[in-house]
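I opened my notebook to look at one helix and at some aromatic rings. Here is what I looked up, entry by entry.

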Amino acid sequence: NFTDQYGSSRNGYYILIELTDRYRIYKKLTVKIIKPQERTATSVEVPGMIKVRTKYYIEEDQVIMELPKSKKSMLALFNDKEEELKKYFKKEKIRLGKEEDLIRLVARYNALKSSDSLASKSLLSNLGKL
């Protein structure tokens with residue numbers, strides 16, 4: 001059970017994939033099962049499918065928020081270190097669709113925040129800019 005940035009309760013199973021001194025990164029899998037449909041006189045046979053959708057979340061101070069999938073939205077979330085992270089995106093060729101790159105990005109942000117003397121600003125203060 002978590003509370004999201006809007007104060008709503010978020011229930012479910014979240015898988016912890018990374019733990020830093022300030023942030024935790026979780027992923028949540030949503031599985032959708034589409035049953036096969038048999039062929040009829042007016043329709044074609046449709047095979048069954050399993051669709052798995054992965055969403056990533058970041059937790060700070062017991063508040064969880066979904067990580068955006070676009071570079072622009074991600075930089076807006078981490079806007080206090082936007083310039084440094086833009087360079088990091090380009091240098092390291094970060095792709096937000098890859099779990100390892102997402103972990104590296106949050107670790108880099110954590111390192112930048114740790115070295116900053118004004119490290120008290122939280123991610124929640126950046127939400128108004130999204």
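**Entry 1: the helix.** Exposed means over 50% relative accessible area, buried under 20%, and partly exposed in between (1.4 Å probe, protein chains only). Helices (H or I, at least four residues) and strands (E, at least two) are DSSP runs, numbered from the N terminus.

A note on my source: this is a predicted model, where local features need pLDDT of at least 70, side-chain atom pairs count only at pLDDT 80 or more, and totals for chains, interfaces and linings use all residues. Residues are numbered from 1 along each chain as its sequence is written, and side-chain values use heavy atoms, leaving out hydrogens and water.

Which residues of α2 (residues 82-92) are buried? I found Leu85, Tyr88 and Phe89. Seen down the axis of α2, they fall within an arc of 105° (taken from the directions from the helix axis to the C-beta atoms), so they line one face of the helix. After α2 comes Lys93, with a positive phi near 55°.

**Entry 2: the rings.** Next I looked up ring pairs: rings of Phe, Tyr and Trp (its six-membered ring) pair if their centres lie within 6.5 Å, and planes under 30 degrees apart count as stacked, over 60 as edge-to-face and the rest as tilted. I got four aromatic pairs. Tyr14 and Tyr57 have ring centres 5.3 Å apart and planes at 85°, so this pair is edge-to-face. Both Tyr14 and Tyr57 are buried. Ring pairs link Tyr14, Tyr26 and Tyr57 into a cluster.
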